[in-house]
Every structure is written in structure tokens, then in C-alpha cells.
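Here is a short tour for anyone opening this model for the first time. Take a look at the fold, then read on for the details.

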Amino acid sequence: MDIYSSKLSPALDIGAGLYLLFIAVLSVVGNLLVIVMAIKRSSSMKPPELLSVNLAVTDLGAAVAMYPLAVASAWSHHWVGGDSTCVYYGLVGFFFGMASIMTLTVMAIVRFIVSLSLRSPEEKISRRKVKILCVWTWLYALFWALFPILGWGRYGPEPFGLSCSLAWGEMKGDGFSFVISIFCFNLVIPTVIIICCYSGIALKLYLTYRNSINDRNQIPNVVKIHRRLLIIAVLISVGFIGCWAPYGMVSLWSVFRDSAAIPPEVSLLPCMFAKSATVYNPLIYYSFSKSFKREVKQLGWLCGGSNACHASNNIADNGIYMVSHETAAKVARPSGSTFQGNGESLTLG
């Protein structure tokens with residue numbers, strides 16, 4: 001039996017290919033916009049925002065390195081390239097997936113550190129430290145992705161035959177310890193850290209809001225900024241974990257039970273859903289960040305080269321991914337001072 005032949009109907013193969021092509025285009029365009037926006041305002045970009053760029057690079061890398069091969073295989077009704085491309089596809093997918101979840105985890109930790117003193121103008125984390133953290137996410141992902149190549153775990157085709165990943169159904173014996181390890185260190189622990197950090201930020205915002213209401217009966221602008229960015233960060237994390245959770249459950253079923261009991265069409269769905277994780281982040285930025293939406297619209301190729309098209313270098317406008325120390329400094333004022341922003345006068349106590 002050819003393990004790389006499609007177990008799906010020809011019509012479903014074509015449909016899966018079209019879906020992956022659509023996801024690939026959206027992912028490439030969206031994440032390129034995030035990277036282009038970061039480059040255009042690199043001089044005013046704050047250290048924590050590098051993590052958002054790092055996340056865009058992981059999503060873009062996955063779309064470019066993986067999806068063309070998956071589309072070609074779907075339309076060929078057979079995995080293209082055999083064992084070598086299967087190992088390549090599994091390794092690259094695992095690598096970018098680990099880099100993404102670790103970046104999200106580091107983002108949560110950094111946001112929590114920044115939120116510890118919302119009104120302090122002092123720098124909580126330097127650009128150098130953030131760069132080191134970005135490098136660490138890639139090295140950590142490479143560390144885990146190489147284990148199946150070295151013999152701990154293995155890569156293989158998915159049950160439906162048109163994708164490759166970790167060979168979950170073949171790791172019931174020697175590879176079982178690898179499965180438990182990756183779920184503990186790369187899913188459970190990061191998820192717990194993300195939940196704890198964002199819960200801590202939400203509690204901090206609530207306490208700041210309550211104290212401000214008691215003191216001045218006003219909502220500080222810094223609370224509004226952090227609240228909006230908290231929503232963006234939580235949506236990004238929930239989107240990624242939510243996309244991969246169904247795939248994780250099916251994978252665990254394959255390890256503990258017989259993967260052949262799952263119909264190919266059923267095993268296809270969580271895999272396709274997980275691949276959509278590379279699309280959501282730019283859509284979230286565009287939907288919830290006014291400055292990101294404005295700068296995208298200001299790109300010259302979107303507005304016909306009008307003189308009005310320019311990227312804002314205003315620090316307050318550009319804090320779209322993370323609140324940094326300088327953004328906080330703009331909204332933090334000594335007791336009794338008044339901050340004019342967002343069309344309203346806010347007195348900060």
C-alpha cells in the first residue's frame with residue numbers, strides 16, 4: 001500500500017488544495033504587511049514590538065515553506081517527493097509551530113512585566129533583551145524539531161495522505177516519551193503561562209481602574225491603551241491555541257488508540273483548521289488596531305500614490321502591538337495633571 005497516496009476523493013483533494021492556496025495567499029499578504037509596517041517605522045518601534053514581528057516571521061515562513069508543497073500534493077492526489085519531502089515538511093511545520101507558541105509565551109511574559117507599573121516611564125525590557133528572546137525562540141524550536149531526525153520520535157505522513165507531520169500513530173512505544181514531553185513542554189506549560197500572565201494583566205488593569213475611579217472618577221488613558229492591547233494579545237493567543245487544540249486531540253487519539261479508526265475525512269479537518277493559524281494575527285491587528293489599519297491604508301500602492309500616503313512616525317499612533325515604556329510615559333502624568341488624548345481630557349491621579 002502506498003502510504004503517500006491520497007485517501008480522499010479527487011473532489012476533496014482539489015477542494016483542500018484550493019483552501020490551502022487561499023490560506024497561503026492571505027497569510028503571505030497579511031504577515032508581509034505586518035513586517036513592512038515594522039520596517040517603515042523601525043526608528044520608532046519599541047523593543048516589545050519585535051516579538052510581534054517575530055511572530056509574523058514564523059507565520060510567513062510556514063506559509064512560504066510549507067503550503068506550496070501541500071497544494072501541489074493535493075492537486076496531484078499524491079504526496080509529492082516521497083520520504084525526503086515528507087521529512088522536510090514535518091520538520092519545517094514542527095519548527096515554525098514551536099517558534100510560534102514560544103513567541104506567544106514570551107510575549108505574554110513581556111506584557112506582564114511591562115504591566116507591573118503601568119505609569120512608570122522607566123524601561124522594563126531593553127531591545128537587546130528582546131532580540132535575545134527572539135533568538136531563543138528559534139533555537140528552542142530547532143532543538144525540538146531535530147529530535148525526530150536524531151531518533152527520538154519520527155516524522156511521517158498524515159492518515160489522509162496529503163500532509164506530513166509527527167507520525168503520531170507510530171509513536172506508541174519508543175516515541176511515547178517524546179509525545180508526552182512535547183505536549184507538556186510545548187503546549188500545557190506555555191498555555192498555563194499565557195493564561196496566568198494575561199490574567200495577571202487583567203487583574204492589574206482592574207485594580208488600576210478601580211483606584212482611579214475612587215480618586216478622580218476618571219478612566220486613565222494608560223488603562224484604555226493596555227486594555228485594548230490586552231484584547232489583541234489574548235485574541236492572538238486564543239486563536240493560535242484554538243486552531244491547534246483539535247489537531248492535538250486527534251493526534252493524542254492516534255497515540256493512545258488506533259488512528260485507522262478515524263476516517264480520513266475526519267482527520268483532514270483539524271489539520272486544515274490548524275493551518276489557518278497563520279492567517280489570524282494580521283486580521284486581528286487590522287480589526288482592533290486603528291493605527292495599524294490606518295498605516296495599511298496609507299501604503300502608496302493601496303492609495304494610488306497620493307501625497308497623503310505616508311506611514312506615521314508618531315509614537316503614540318505606532319504603539320499597536322505592545323505598550324512600551326515611552327507610550328506609557330506619554331499617558332502617565334504627575335498627580336493632578338491633565339492629559340489630552342483621543343478627543344477627551346483625562347485627569348490622571
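## Ground rules

Two residues are in contact when they have heavy atoms within 4.5 Å of each other. Helices (H or I, at least four residues) and strands (E, at least two) are DSSP runs, numbered from the N terminus.

This is a predicted model, where local features need pLDDT of at least 70 and side-chain atom pairs count only at pLDDT 80 or more, while totals for chains, interfaces and linings use all residues. Residues are numbered from 1 along each chain as its sequence is written, and side-chain values use heavy atoms, with hydrogens and water left out.

## The chain as a whole

The protein chain has twelve helices and four strands. Of its 349 residues, 51% count as buried; here buried means under 20% relative accessible area, exposed means over 50%, and partly exposed lies in between (1.4 Å probe, protein chains only).

How much of the contact in the chain links residues 24 or more positions apart? Counting contacts with a separation of 6 or more, such pairs account for 76%.

Let's begin with S27, which lies in helix α1 (residues 10-40). With 0% relative accessibility, S27 counts as buried. Setting aside neighbours within four places in sequence, S27 is in contact with L32, D59, A63, T278 and V279.

Over in helix α2 sits L60, which is buried as well, with a relative accessible area of 15%. L60 and S27 are 33 residues apart in sequence, yet their C-alpha atoms are 6.4 Å apart in space. Again leaving out neighbours within four places, L60 is in contact with V28, N31, L32 and I35.

The loop between α1 and α2 holds P48, a buried residue with a relative accessible area of 3%. P48 and R127 are 79 residues apart in sequence and 7.5 Å apart in space, C-alpha to C-alpha. Further along, H77 lies in the loop between α2 (49-76) and α3. Phi of H77 is near 60°, a positive value in a residue other than glycine. H77 is partly exposed, with a relative accessible area of 32%.

## One disulfide

How many disulfides does the structure hold? There is one, taking a disulfide as a pair of cysteine sulfur atoms within 2.5 Å. The partners are C86 and C164, with sulfur atoms 2.1 Å apart, and the link is left-handed, with -110° about the S-S bond. C86 lies in helix α3 (residues 83-115) and C164 in strand β2 (residues 164-166), so the bond ties together parts that are 78 residues apart in sequence. Both C86 and C164 are buried.

Two other cysteines are worth a look. C196 is in no disulfide, and the nearest cysteine sulfur, that of C197, is 7.0 Å away. C271 is in no disulfide either; its nearest cysteine sulfur belongs to C164, 9.9 Å away. C271 counts as buried, at 4% relative accessibility.

## Where α3 meets α4

Helix α3 packs against helix α4 (residues 127-145) at an angle of about 145°, with the axes 8 Å apart. The axes are lines fitted to C-alpha atoms, for helices over the stretch in contact, and angles run from 0 to 180 degrees between N-to-C directions. The crossing is right-handed, meaning that the near helix is turned clockwise from the far one by less than a right angle.

The α3 side includes L91, F94 and F95, and the α4 side includes L133, W136 and W138. By class, this contact has 17 nonpolar, two polar and no charged residues. Ala, Val, Leu, Ile, Met, Phe, Trp, Tyr, Cys and Pro count as nonpolar, Asp, Glu, Lys and Arg as charged, and the others, Gly among them, as polar.

I149 is partly exposed, with a relative accessible area of 43%, and is in contact with V87, L91 and Y155, leaving aside neighbours within four places in sequence.

## The nonpolar core

A nonpolar core is a set of buried Ala, Val, Leu, Ile, Met, Phe, Trp, Tyr and Cys residues joined through side-chain atoms within 4.5 Å. The largest one has 89 residues, and those with the most contacts inside it are F94, L166, W168, F178 and I182. Helix α3 gives the largest share, 16 residues. I182 touches F94, W144, L166, W168 and L187, not counting residues up to four places away in sequence.
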